Amino acid sequence: MRRLCDLIRRIAPSSTSVLLIGETGTGKELVARAIHENSPRRDRPFVAINCAAIPEALLESDLFGHARGSFTGASHPRRGLLQAASGGTVFFDEIGDMPLGLQAKVLRAFQERKVRPVGSDEEVPIDVRVLSATHRDLDRETAAGRFREDLLYRLNVIRLDIPPLAARGDDILLVARHYLERFARENGKAILGFSPGAIQKLLAYRWPGNIRELSNCIERAVALSTREVLLEEDLPDAVRSYRPAPEKLASEHAPAEALLTLAELERRYILQVLEVTGGNKARAARILGLDRKTLYRKLNTYRAQDAAAKAPDE
């Protein structure tokens with residue numbers, strides 16, 4: 001995730017088109033929003049369009065707008081989503097599901113920076129940055145004649161592959177903490193982190209629903225929690241009861257050498273709790289379920305390890 005965040009920071013300042021590729025629920029729209037919010041267009045609209053959710057008969061009118069009287073029921077002119085996004089960013093989610101006939105019109109709008117509302121003879125200028133996302137293999141779709149090659153070239157200037165949540169290792173905890181802080185704030189609860197048991201379950205689970213499933217999991221846990229930390233018992237049954245097969249403990253998505261030792265996982269969590277508590281060791285020890293002497297001993301060990309790592313080789 002740190003590599004992904006670095007890429008977002010590097011590409012956000014430009015107006016280059018970006019294509020996000022990943023499984024359903026991996027957080028492609030979150031990435032698109034992060035690109036927009038770190039760009040010079042951050043104060044202008046971010047308009048998300050789900051190409052798979054809008055009926056084909058309505059998609060053209062929704063994108064380009066329509067003139068009064070252009071079809072039955074069009075009693076007033078209406079500007080389209082591309083006009084609404086002008087000056088900002090338009091995000092085409094599930095672009096691979098866009099009807100083939102509409103793709104040519106969208107491509108022309110991108111190239112000419114103009115749209116022609118349905119039933120109108122006049123073109124309207126637009127200024128948008130184009131971000132798009134799909135779970136499909138667009139190269140294969142293009143070869144099969146279901147997606148225009150010229151449109152793919154226009155969209156795929158920069159490609160970002162969003163890995164499934166199970167392939168992100170301990171980054172799962174960073175995402176989980178993001179949702180913990182959000183839902184705790186929304187529910188008016190002072191929840192500081194996760195118990196070691198909850199962390200173990202979050203890391204062991206495979207997350208077939210990716211970030212959407214993790215978000216639902218943390219929202220549920222926050223709603224049920226009555227303590228300063230989320231416990232294993234606050235998690236959904238599917239997460240609590242999950243038992244990975246022994247041969248799958250080393251993820252097929254990640255090399256074994258990238259996995260953390262239990263000692264390193266404990267170290268990171270202890271330091272995270274200390275950061276959240278503002279360095280209050282008594283409170284951190286209470287959250288961690290440790291006595292203060294044990295916490296001090298572990299912190300001294302970490303300091304010694306850090307000093308040894310920084311010492312020059314003789």
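How many Å separate the centres of domain 2 and domain 3, taken over C-alpha atoms? The answer is 20 Å. Keep in mind that this is a predicted model, where local features need pLDDT of at least 70, side-chain atom pairs count only at pLDDT 80 or more, and totals for chains, interfaces and linings use all residues. Residues are numbered from 1 along each chain as its sequence is written, and side-chain values use heavy atoms, with hydrogens and water left out.

| Domain | Residues |
|---|---|
| domain 1 | 1-163 |
| domain 2 | 166-241 |
| domain 3 | 262-306 |

Now for the interface. Domain 2 puts 12 residues in contact (heavy atoms within 4.5 Å) with 9 residues of domain 3. Together the two domains bury about 960 Å², 59% of it on carbon and sulfur atoms; buried area is the accessible area (1.4 Å probe) that two parts lose on being put together, summed over both. On the domain 2 side, Arg177, Leu192 and Glu228 lose the most area to domain 3, together 44% of what that side buries.

Glu228 also turns up in a salt bridge (side-chain nitrogen of Lys or Arg within 4 Å of a carboxyl oxygen of Asp or Glu): its partner is Arg283, with the closest N and O atoms 3.2 Å apart. The count between domain 2 and domain 3 is 1 salt bridge.

How values were computed:
Domain bounds come from an automatic or database domain assignment.
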